[in-house]
Amino acid sequence: MDIRSSEFVTSSTHWEQCPETHKPEFAFIGRSNVGKSSLINMLASRKNLAKTSSTPGKTQTINHFLFNKQWYVADLPGYGYASVSKTSRYEWGKMIEQYLINRTNLYCTFVLIDARLPPQPIDLDFITWLGNQQLPLAIVLTKTDKLKQTDLAKSIAHIEAQLLQSWAELPPLFITSSVKKTGQKEILHFITHAMGK
Ligand code: GTP
Ligand code: MG
């Protein structure tokens, strides 16, 4: 799929404020600073569609973007950001859970994991939660440009082994680098298929 247009639609702090649900939607989630906003920019082939930052905690709201006037991308705030207070972490959890449970047009949630680190308990907990809710998910390894090929292969094997401890089947897995544009075609292809096109 070629991306002919991408535009910012709206920022929401509650699922009920999100745009109408008449178009397919794909959400991007993961620990703070993992590269969600950068990945969305890579998909759009644009530099500043979603705001990125080297300081964790940049994205604080649910941000909707419309691609090819046909489908939505939701950029979600990152979890596991250490310097956030317990109360706002709880608020964050509630906001995202409510969004994920109630968003009827959600086709798939992409869970981003930094390829340089083993999946953290918070990543695994979140993946398990999605599974328990029977919400479709895919895993995206980010920042693979920072790894040697052999270390990347180890990292992939490690994640797959960990997921297979609690899952009978592996979810789709994408290897990406927003710097090198790795994985762009694969993710767009997956999205096209998920929409049944
Ligand atoms: P929050 O909104 O704070 O949760 O972060 P985020 O997950 O949206 O991350 P963001 O896209 O803002 O990127 C965080 C930092 O990682 C930025 O400094 C990016 O330039 C960098 N980064 C993101 N993706 C990549 C990548 O593929 N390779 C490299 N080398 N750096 C990346
Ligand atoms: Mg962000």
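Is Lys154 buried, partly exposed or exposed? With a relative accessible area of 58%, Lys154 counts as exposed, where buried means under 20% relative accessible area, exposed over 50%, and partly exposed in between (1.4 Å probe, protein chains only). The model is a predicted one, in which local features need pLDDT of at least 70 and side-chain atom pairs count only at pLDDT 80 or more, while totals for chains, interfaces and linings use all residues. Residues are numbered from 1 along each chain as its sequence is written, chains are lettered from A and ligands numbered from 1 in the order in which they are written, and side-chain values use heavy atoms, with hydrogens and water left out.

Lys154 takes part in a salt bridge with Asp151, their closest N and O atoms lying 3.9 Å apart; a salt bridge is a side-chain nitrogen of Lys or Arg within 4 Å of a carboxyl oxygen of Asp or Glu. Both residues belong to helix H4, three residues apart, which is about one turn of the helix. Helices (H or I, at least four residues) and strands (E, at least two) are DSSP runs, numbered from the N terminus. Asp151 is partly exposed, as its relative accessible area is 29%. Helix H4 spans residues 149–164 and also holds His158, which counts as partly exposed at 40% relative accessibility. Leaving aside neighbours within four places in sequence, His158 is in contact (heavy atoms within 4.5 Å) with Pro118 and Pro119.

The whole structure has five salt bridges. One of them joins Lys69 to Glu7, with the closest N and O atoms 3.2 Å apart. Because Lys69 lies in the loop between S3 and S4 and Glu7 in strand S1 (residues 6–12), this pair ties together parts that are 62 residues apart in sequence. Lys69 is exposed at 55% relative accessibility, whereas Glu7 is partly exposed at 30%.

A further salt bridge links the side chains of Glu25 and Arg103 (2.8 Å, N to O). Glu25 is in strand S2 (residues 25–30) and Arg103 in the loop between helix H2 (86–102) and strand S5 (106–114), so the pair connects parts 78 residues apart in sequence. Glu25 is buried, with a relative accessible area of 0%, and Arg103 is buried at 5%.

Lys36 and Ser37 are among the buried residues of helix H1. This helix is mostly covered, with eight of its nine residues buried. One of them is Asn41, which counts as buried because its relative accessibility is 4%. Just after H1, Ser45 takes a positive phi of about 55°.

Helix H1 (residues 36–44) also contributes the largest share of the lining of the largest pocket, three residues. The volume of this pocket is about 360 Å³. Of its 24 lining residues, the closest to its centre are Asn33, Val34, Gly35, Lys36 and Ser38. On a 1 Å grid over the protein atoms alone, a pocket is an open set of points where a 1.4 Å probe fits, with protein on both sides within 12 Å along at least five of seven lines, and lining residues have an atom within 4 Å of a point. Grid points are joined across faces, edges and corners, and a volume is the space filled by probe spheres set on the points.

Finally, the backbone deserves attention. Most residues other than glycine have a negative phi. Asn68, in the loop between strand S3 (62–67) and S4, has a positive phi near 50° and is buried at 5% relative accessibility. Lys181 has a positive phi of about 65°; this residue lies in the loop between strand S7 (173–175) and helix H5 (184–194) and is partly exposed, with a relative accessible area of 39%.
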